[in-house]
Amino acid sequence: MVTIRFSASGYGTSTSRARTRKEAARAVEREVEELAADHGLEAAKAVFRGPDEWVLSSPSGEEIARWEIA
């Protein structure tokens, strides 16, 4: 099992689980796209993608949300 940790101002924090890292990454990518769209941002430009971390930021650089896979 893989743990996905999500945190965001105004959205709180949550933890979910996926069977594999690949499944977890797909779930995070779906959420990233949705949350970016909710903020009127393009995920391709507004998201930092690290090996086990995704960070959605505003154009000014303020962090909006973070996902981590552990």
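This is a short chat about the predicted model shown above.

Me: What am I looking at, and which elements does the protein chain have?
Reply: It is a predicted model. The protein chain has 2 helices and 5 strands.

Me: In what order do the elements run from the N terminus?
Reply: They run β-β-α-α-β-β-β. The radius of gyration of the protein chain is 11 Å, close to the 11 Å that the globule rule gives for 70 residues, so the chain is as compact as a globular protein of that length.

Me: What box do the C-alpha atoms fill?
Reply: Roughly 35 × 25 × 20 Å, taken along the principal axes.

Me: And what share of the residues is buried?
Reply: Buried residues account for 39% of the 70 in the protein chain.

Me: Switching to charges. How many salt bridges does a search of the whole structure find?
Reply: The search finds 6. One of them pairs Arg66 with Glu53, with the closest N and O atoms 2.2 Å apart.

Me: Where do Arg66 and Glu53 sit in the chain?
Reply: Arg66 is in strand S5 (residues 63–69) and Glu53 is in strand S4 (residues 53–57). They are 13 residues apart, and the pair links distant parts of the chain.

Me: How accessible is Arg66?
Reply: Arg66 has 21% relative accessibility, so it counts as partly exposed. Glu53 is also partly exposed, with a relative accessible area of 24%.

Me: Which residues are joined into one network there?
Reply: Glu53, Glu63 and Arg66, through salt bridges that share partners.

Me: Next one. Which residue does Glu23 form a salt bridge with?
Reply: Arg19 is the partner of Glu23, and their closest N and O atoms are 3.1 Å apart.

Me: Why does Arg19 count as exposed?
Reply: Because its relative accessibility is 63%, and exposed means over 50%. Glu23, at 23%, counts as partly exposed.

Me: What about Glu42, which residue is its partner?
Reply: Glu42 forms a salt bridge with Lys45, and here the closest N and O atoms are 3.7 Å apart. Lys45 counts as exposed, at 70% relative accessibility.

Me: Which residues gather in a patch of negative charge on the surface?
Reply: Glu31, Glu33, Glu34 and Asp38.

Me: Take Asp38. Where does it lie?
Reply: Asp38 lies in helix H1, which covers residues 21–38.

Me: Is Asp38 buried or exposed?
Reply: Asp38 is exposed, with a relative accessible area of 60%.

Me: New topic. What is the place of Ser58?
Reply: Ser58 is in the loop between S4 and S5.

Me: Buried or exposed, for Ser58?
Reply: Ser58 is buried, because its relative accessible area is 18% and the cut-off for buried is under 20%.

Me: How many Å separate the C-alpha atoms of Ser58 and Lys22?
Reply: They are separated by 27 Å, and the two residues are 36 residues apart along the chain.

Me: Where is Lys22, then?
Reply: Lys22 is in helix H1. Its relative accessible area is 61%, so Lys22 is exposed.

Notes
Residues numbered from 1 in each chain as written. Predicted model: local features only at pLDDT ≥ 70, side-chain atom pairs only at ≥ 80, totals over all residues. Heavy atoms only, no water. Patch = residues over 30% accessible without salt bridge, like charges linked within 9 Å, V, L, I, M, F, W, Y side chains within 5 Å. Areas by Shrake-Rupley, 256 points an atom, 1.4 Å probe, with all protein chains shown as cover. Salt bridge = Lys/Arg side-chain N within 4 Å of Asp/Glu carboxyl O. Lys, Arg positive; Asp, Glu negative; His and termini not counted. Charge placed at Lys NZ, Arg CZ, Asp CG, Glu CD. Helix = DSSP H or I, 4+ residues; strand = E, 2+ residues; numbered from the N terminus. Buried < 20%, exposed > 50% of the residue type's maximum accessible area, 1.4 Å probe, protein only. Rg over C-alpha atoms; globule rule 2.2 N^0.38 Å.
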